[in-house]
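Subject: Structure handover

Hello,

Here is the structure I said I would pass on. Please open it next to this message and follow along; my notes come after it.

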Amino acid sequence: MLPTPTIPSPDYERIYEPAEDSFLILDLFESQLSYFQSKRFSKKTPLVLEIGTGSGIITTFINKHILPNAIYVASDLNPYACKTALRTNKANASSINVDSIRCDLTTALLPNSVDLLVFNPPYVPAEFVPQVPETSEDEHTWVDIALNGGPEGMDVTNQLLQSLSDTLSVDGEAYILFCARNNPDTVAQNFMSNYPNFKVERVIHRKAGWEVLSIYRFLKLS
Amino acid sequence: MKFLTSNFVMCAVKSCAGSDKSFPLHFSECKLELEEQDFNPDFIISMLERLNWDAVLSVAKDLGNTSLPVQKPENIEGNEVLLKDLHSLLLETQIVEGKMTCGNCQHIYYIKDSIANFLLPPHLAN
C-alpha cells in the first residue's frame with residue numbers, strides 16, 4: 001500500500017479534514033497506477049488540476065506516487081487551503097511542479113488545457129451553498145463550503161460539469177466524487193446525452209458509514 | 001505563484017473567454033523571490049513542448065527579463081546554461097506579491113503571500 005501523505009500542522013477549523021471521501025480518491029489512484037503510467041496524454045507533460053484541494057492530500061499523493069512528472073495546479077476558494085496544500089506537498093513530495101491558486105472551479109484555466117482533473121466536491125445535500133466569507137469572524141464557514149452542495153448536493157458539481165468539455169484537453173479526463181443521494185448514474189447518463197464526445201463510467205464505489213460514495217471517470221474522447 | 005503557472009491561467013470573467021487579449025495576463029508591481037528547487041533537466045525538456053512561448057516572453061518582459069530567445073528553444077538536451085536559466089525562471093521564480101491585469105476587460109487580480117486570487121467580485125462573477 002502506498003503511504004498516505006502526512007499533513008503538517010493542519011488547522012481543521014478552517015480547512016476540510018481528509019475523510020472517507022478523500023481516502024477513496026487516494027485508493028482509486030493507487031488501484032489505477034498502471035493505467036496512469038501507461039496512459040498517453042495529449043502532451044508529454046500532463047497538466048493536473050485539482051479543484052477544492054483542501055489539505056492538498058490528493059494532489060500530493062498523485063504527485064508523489066502516480067504522476068511525478070506532471071504539472072499541478074491545486075485550487076481552492078479558501079486561501080488557507082491553498083497555503084496548506086503547498087505545505088503538505090512540500091513535506092511529502094517534490095515541489096518543483098506544484099502550485100496553488102484561489103479560483104472558482106475552472107474559471108481562470110486556459111480552455112482545452114487540463115489533462116487530468118480531480119474534484120472532491122461539496123456533495124452533501126444541504127439547504128444552500130454557503131457564500132465565501134468576507135470577514136475573519138465568518139471563517140468557520142470554510143468547512144461548510146467544502147461540504148454543502150445545495151438541495152441534492154449537486155449545485156457545485158453541476159456548475160463544473162457545464163465547463164468540463166471546454167476545460168479538458170482531448171483524451172483528458174476528470175474524476176469526480178459523488179454520494180448516492182446525488183443520483184450519480186442519472187448524472188452520468190444525462191452528461192453523455194449532452195456531450196456525446198465523452199465516455200463516463202463509475203470506477204470505484206464504497207459504503208462509508210451511512211453514505212455510499214462513488215467516483216466517476218469523465219473521459220473526453222474528442 | 002510560480003512563473004510557470006502564468007502559462008495556464010487567464011482572465012476569469014466569462015465574456016473574456018473568447019478574447020485573445022485575456023491571455024497571458026499582464027504582470028505589474030511584482031515582488032519576486034527565488035525558491036530553490038531540485039534541477040530536473042528531463043522535466044524541463046518534456047514540459048517545454050506544452051508551453052506557449054509567446055506567453056512566456058510576455059510575462060518575462062513584464063517582470064524585467066528580456067534575455068530569452070525569441071523562438072521556443074529546441075533540442076536543448078546538452079544546453080546546460082539555457083536549461084538552468086529556464087529552471088530558475090519557470091520553476092524557481094515565485095511571484096510573492098503583484099498584480100495581474102486582463103488586457104481585454106482591465107480587471108486586476110492580486111497575488112498576495114504567493115497565492116494568486118482569481119475570485120471575482122459578485123458583479124463580475126459568472
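**Strands of chain B**

Strand E2 (residues 93–101) of chain B and E3(B) run antiparallel and are joined by 4 bridges. Please keep in mind that this is a predicted model. One pair to look for is B:Gly98, whose bridge partner in E3(B) is B:Ile111. The hairpin of E2(B) and E3(B) has 6 residues between the strands, and B:Gln106 in this hairpin takes a positive phi near 70°.

E3(B) is also joined to E4(B), by 3 bridges, and these two strands run antiparallel. Here B:Tyr110 stands opposite B:Asn117 in E4(B). The hairpin of E3(B) and E4(B) has 2 residues between the strands, and B:Asp113 takes a positive phi near 55° in it.

**Where the chains meet**

In chain A, 27 residues are in contact with 24 residues of chain B. On the side of chain A that touches chain B, the elements giving two or more residues are strand E2 (71–76), helix H4 (79–92) and strand E3 (98–102) of chain A. E3(A) provides the largest share of that side, 4 residues. By type, the residues on this side of chain A divide into 13 nonpolar, 8 polar and 6 charged.

E3(A) also pairs with a strand of the other chain: with strand E4 (residues 115–117) of chain B, in the parallel sense, over 2 bridges. In this pairing, B:Ala116 in E4(B) is the bridge partner of A:Ile101.

**Two helices of chain A**

How do H1(A) and helix H3 (residues 57–66) of chain A lie relative to each other? Their axes come within 10 Å and cross at roughly 15°. Angles under 35 degrees count as roughly parallel, and H1(A) and H3(A) are therefore roughly parallel to each other. The crossing of H1(A) past H3(A) is right-handed.

From H1(A), the residues that meet H3(A) are A:Ser22, A:Ile25, A:Leu26 and A:Phe29. They meet A:Ile57, A:Ile58, A:Phe61, A:Ile62 and A:Ile66 in H3(A). The residues of this contact divide into 8 nonpolar, 1 polar and no charged.

H3(A) is mostly covered, with 7 of its 10 residues buried. Among them are A:Thr59, A:Thr60 and A:Asn63. The buried residues of H3(A) pack against H1, strand E1 (47–51), E2, H4, E3 and E4 of chain A.

A:Tyr16 sits in the segment before helix H1 (20–31) of chain A. Is A:Tyr16 buried or exposed? A residue is buried if 20 or more other C-beta atoms lie within 10 Å of its own; A:Tyr16 has 26 within 10 Å, so A:Tyr16 is buried. Leaving out residues up to four places away in sequence, A:Tyr16 touches A:Gly54, A:Ser55, A:Val143 and A:Ala146. A:Tyr16 and A:Gly54 are 38 residues apart in sequence, with 5.7 Å between them in space, C-alpha to C-alpha.

A:Asn112 lies in the loop between E3 and strand E4 (114–119) of chain A. A:Asn112 counts as partly exposed because A:Asn112 has 14 C-beta neighbours inside 10 Å. A:Asn112 and A:Ser169 are 57 residues apart along the chain, and their C-alpha atoms are separated by 4.3 Å.

Regards

How values were computed. Residues are numbered from 1 along each chain as its sequence is written. Chains are lettered from A and ligands numbered from 1 in the order in which they are written. This is a predicted model: local features need pLDDT of at least 70, side-chain atom pairs count only at pLDDT 80 or more; totals for chains, interfaces and linings use all residues. A residue is buried if 20 or more other C-beta atoms lie within 10 Å of its own, exposed if 12 or fewer, and partly exposed in between; C-beta atoms are placed from the backbone. Two residues are in contact if their C-beta atoms, placed from the backbone, lie within 7 Å. Ala, Val, Leu, Ile, Met, Phe, Trp, Tyr, Cys and Pro count as nonpolar, Asp, Glu, Lys and Arg as charged, and the others, Gly among them, as polar. Two strands pair if DSSP finds at least two bridges between them. Axes are lines fitted to C-alpha atoms, for helices over the stretch in contact, and angles run from 0 to 180 degrees between N-to-C directions. Angles under 35 degrees count as roughly parallel, over 145 as roughly antiparallel, 65 to 115 as roughly perpendicular and the rest as oblique. A crossing is left-handed if the near helix is turned anticlockwise from the far one by less than a right angle, and right-handed if clockwise.
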